[in-house]
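Please take me through this structure in plain words.

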Amino acid sequence: MSISVQNISKSYKSIQAIDDVSFEVNEGELFGLIGPDGAGKTTIFRILTTLLLANEGNAKVLEFDVKQDYKAIRNSVGYMPGKFSLYQDLTVEENLTFFATIFGTTIEENYDLIEDIYVQIEPFKKRRAGALSGGMKQKLALCCALIHAPKVLFLDEPTTGVDPVSRKEFWQMLKRLQQKGITILVSTPYMDEASLCDRIALIQKGKILKIDSPSNIISKYDKVIYDIQSKNTHGLIHDLKNYSSHYSVYAFGEFIHYIDTNQNFNPNDLQDYLQQKNHTQIIIKPAQTTIEDVFMDL
Ligand SMILES: Nc1ncnc2c1ncn2[C@@H]1O[C@H](COP(=O)(O)OP(=O)(O)OP(=O)(O)O)[C@@H](O)[C@H]1O
């Protein structure tokens with residue numbers, strides 16, 4: 001077991017940031033904390049990286065206790081905080097040297113671990129970190145978190161504000177790091193990234209609502225979702241919400257996702273209803289369930 005969290009709670013004055021959270025991350029696993037802003041993800045990261053004490057519960061990282069063994073944890077984990085963690089006025093190279101030095105190592109010593117990532121930013125090594133693009137900042141921050149060869153890597157919303165191509169590349173990098181034996185706990189508000197993790201915890205309002213592999217979470221979802229479209233999207237949402245047997249209606253990409261309460265739901269009846277409401281170019285077809293759909297129904 002690389003990470004073990006047992007019944008952790010934390011409040012900031014009257015705000016209950018996390019409430020009785022428990023989960024475990026296996027050695028070498030890529031585990032995702034998936035949830036919207038304010039769900040409590042950063043609080044969990046800060047407790048596990050020994051920057052914040054929980055009010056209740058216990059947590060261990062690499063068998064070290066977050067309270068008693070905080071020094072050992074700090075030496076053996078890498079942390080990439082959500083908010084930009086680099087020194088904006090230092091260059092790429094200076095930032096990396098700084099992080100290597102505080103961990104008593106050098107860039108050369110662990111270069112093989114960061115090489116894949118560093119070669120992409122090396123052409124800009126004399127540029128100040130503050131003048132890098134979002135994707136490049138993210139790669140540099142990852143290099144800095146890796147420079148002391150941590151066994152566990154904590155990545156808090158590493159892809160927030162990063163363009164889709166860089167996001168994709170970033171996840172490919174994470175997979176390669178995982179193959180090198182690093183355990184990774186990553187958080188993201190992007191539901192499409194959830195499917196790239198081995199297991200995920202869906203978290204909302206400080207509580208973990210589900211923990212499983214993305215495929216199990218989807219296959220255990222027992223409702224049938226329909227993709228619905230018509231020429232008048234705004235009116236469609238309104239009319240679907242007024243359909244007497246509707247269960248849920250929400251925009252999903254170019255379609256509306258619709259779930260009916262009736263087990264014997266007949267799409268033709270809904271088609272007739274929408275035609276009566278003067279909708280045209282109506283499409284009703286079964287949709288693929290996604291993690292986002294499961295989340296919407298929690
Ligand atoms: N220092 C603090 N003082 C008071 N409230 C806080 C503090 N830090 C976090 N909170 C509150 O605790 C809750 C959980 O915040 P947290 O930052 O852990 O969530 P998050 O899932 O990481 O979201 P975000 O991406 O917005 O940071 C939120 O309601 C937040 O407003």
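Phe98 is part of helix H3, residues 92-102; helices here are DSSP runs of H or I with at least four residues, strands are E runs of at least two, and both are numbered from the N terminus. This is a predicted model, in which local features need pLDDT of at least 70 and side-chain atom pairs count only at pLDDT 80 or more, while totals for chains, interfaces and linings use all residues. Residues are numbered from 1 along each chain as its sequence is written, and side-chain values use heavy atoms, with hydrogens and water left out.

Now turn to the ligand. The residues surrounding the ligand include Tyr12, Asp37, Thr42 and Glu157 (a residue is near a molecule if one of its heavy atoms lies within 4 Å of it). Helix H1 (41-48) and strand E2 (15-25) each supply at least two residues of this shell, and H1 gives the most, with three residues.

A backbone N or O atom of Gly38 is 2.6 Å from a ligand oxygen atom, and for Gly40 the distance is 2.8 Å. A polar backbone atom of Lys41 lies 2.9 Å from an oxygen atom of the ligand.

Notes:
A polar contact is a pair of N or O atoms within 3.5 Å; within protein, one must be able to donate a hydrogen and the other to accept it, and residues adjacent in sequence count only if both atoms are side-chain atoms.
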